[in-house]
Amino acid sequence: MATAAPSAAARIAVVTGASSGIGAATARQLAAAGYRVVLTARRKDRIEALAEELNAAGHSAAAYQLDVTDRTAVDEFATAFKTIGVLVNNAGGALGADPVATGDPADWRTMYETNVIGTLHLTQALLPKLDASGDGTIVVVSSTAGHGTYEGGAGYVAAKHGAHVLAETLRLEIVGRPVRVIEIAPGMVKTDEFALTRFSGDEEKAAKVYAGVAEPLTADDVADTITWAVTRPAHVNIDLLVVRPRAQASNTKVHREL
């Protein structure tokens with residue numbers, strides 16, 4: 001299916017958490033779709049290398065080191081733009097898999113700050129710029145964890161439920177304005193860093209997440225979904241798209257060939 005080319009006023013796409021995984025893959029695919037991508041993340045070297053890669057391929061990309069939990073930095077970043085067309089709120093992540101009884105409050109706080117408050121910061125700072133484009137799109141990359149609970153995941157689940165509710169409420173509040181709000185909720189995605197980060201670099205624990213699953217989703221699979229949703233005609237809003245691998249029927253029901 002052909003995708004709609006972005007209008008001249010809406011060709012800038014800001015992608016948070018663009019240093020790896022879904023964020024980097026989304027930046028690549030949006031660049032290929034004709035957007036000038038602005039890559040943000042804390043790891044400056046990673047996003048600068050990606051921007052160089054994209055520019056060398058004939059696309060348009062710029063890197064901006066940014067911690068989404070730092071509101072002062074976010075507000076300063078926003079001053080660089082008069083208008084933008086797309087904001088992909090992808091920065092986030094999971095920490096730990098402890099039960100509620102023994103979970104680390106610091107981990108819970110960090111997950112909430114990155115997944116929810118970070119999304120809030122960017123959305124508030126850039127919403128006027130999206131409005132000004134006349135054809136804006138906000139994407140919130142949540143998770144199936146934002147739509148169903150599972151044991152050992154309460155901190156992450158709570159944060160992703162927060163991201164889901166932020167997107168759902170924002171859509172109600174800005175209806176009638178020229179800005180769409182899209183939520184993409186991936187299930188099991190195998191990237192280089194997600195599970196490793198969650199388990200503090202423990203490779204054995206990280207590997208068990210995907211053990212026996214023939215084909216978990218890849219970052220490119222999710223990026224393809226995001227890009228498809230963003231490039232629908234302006235009057236088409238993909239409110240919520242849940243995407244899982246075929247082997248995953250729910251957060252707790254996964255086919256494994258062990």
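**Helix packing in the predicted model**

Helix 4 and helix 5 are roughly parallel to each other (angles under 35 degrees count as roughly parallel, over 145 as roughly antiparallel, 65 to 115 as roughly perpendicular and the rest as oblique). Helices (H or I, at least four residues) and strands (E, at least two) are DSSP runs, numbered from the N terminus. This is a predicted model, in which local features need pLDDT of at least 70 and side-chain atom pairs count only at pLDDT 80 or more, while totals for chains, interfaces and linings use all residues. Residues are numbered from 1 along each chain as its sequence is written, and side-chain values use heavy atoms, with hydrogens and water left out.

Helix 4 spans residues 105-133 and helix 5 spans residues 154-173. Their axes lie 8 Å apart, at an angle of about 15 degrees. Axes are lines fitted to C-alpha atoms, for helices over the stretch in contact, and angles run from 0 to 180 degrees between N-to-C directions. The crossing of helix 4 past helix 5 is right-handed (the near helix is turned clockwise from the far one by less than a right angle; anticlockwise gives left-handed). Helix 4 contributes Trp108, Met111, Tyr112, Asn115, Val116, Thr119, Leu120 and Thr123 to the contact. Helix 5 contributes Ala154, Gly155, Tyr156, Ala158, Ala159, Lys160, Gly162, Ala163, Leu166 and Leu170. Contact means heavy atoms within 4.5 Å. Twelve of these contact residues are nonpolar, five are polar and one is charged. Ala, Val, Leu, Ile, Met, Phe, Trp, Tyr, Cys and Pro count as nonpolar, Asp, Glu, Lys and Arg as charged, and the others, Gly among them, as polar.

Helix 4 also packs against helix 3 (residues 71-78). The two axes come within 9 Å and cross at roughly 20 degrees. Helix 3 and helix 4 are therefore roughly parallel. Helix 3 passes helix 4 in a right-handed crossing. From helix 3, the contact involves Arg71, Val74, Asp75, Phe77 and Ala78. Their partners in helix 4 are His121, Leu122, Gln124, Ala125, Leu126 and Lys129. This contact holds six nonpolar, two polar and three charged residues.

Valine 74 sits in helix 3. Its relative accessibility is 0%, so valine 74 counts as buried (under 20% relative accessible area; exposed is over 50%, partly exposed in between, with a 1.4 Å probe and protein chains only). Neighbours within four places in sequence aside, valine 74 touches Leu66, Asp67, Val68, His121, Leu122 and Ala125. Its C-alpha atom is 9.9 Å from that of threonine 123, 49 residues apart along the chain.

Helix 1 (residues 21-32) and helix 2 (residues 44-56) form another pair. Their axes are 11 Å apart and their angle is about 20 degrees. Helix 1 and helix 2 are therefore roughly parallel, and the crossing is right-handed. Ala24, Ala27, Arg28 and Ala31 of helix 1 meet Leu50, Glu53 and Leu54 of helix 2. The contact residues comprise five nonpolar, no polar and two charged.

The protein chain as a whole has eight helices and nine strands. Its radius of gyration is 18 Å, close to the 18 Å that the globule rule gives for 258 residues, so the chain is as compact as a globular protein of that length. That radius is taken over C-alpha atoms, and the rule is 2.2 Å times the number of residues to the power 0.38. The C-alpha trace spans about 50 × 35 × 35 Å along its principal axes. Buried residues make up 47% of the 258 residues. Of the contacts with a separation of 6 or more, 73% join residues 24 or more positions apart.
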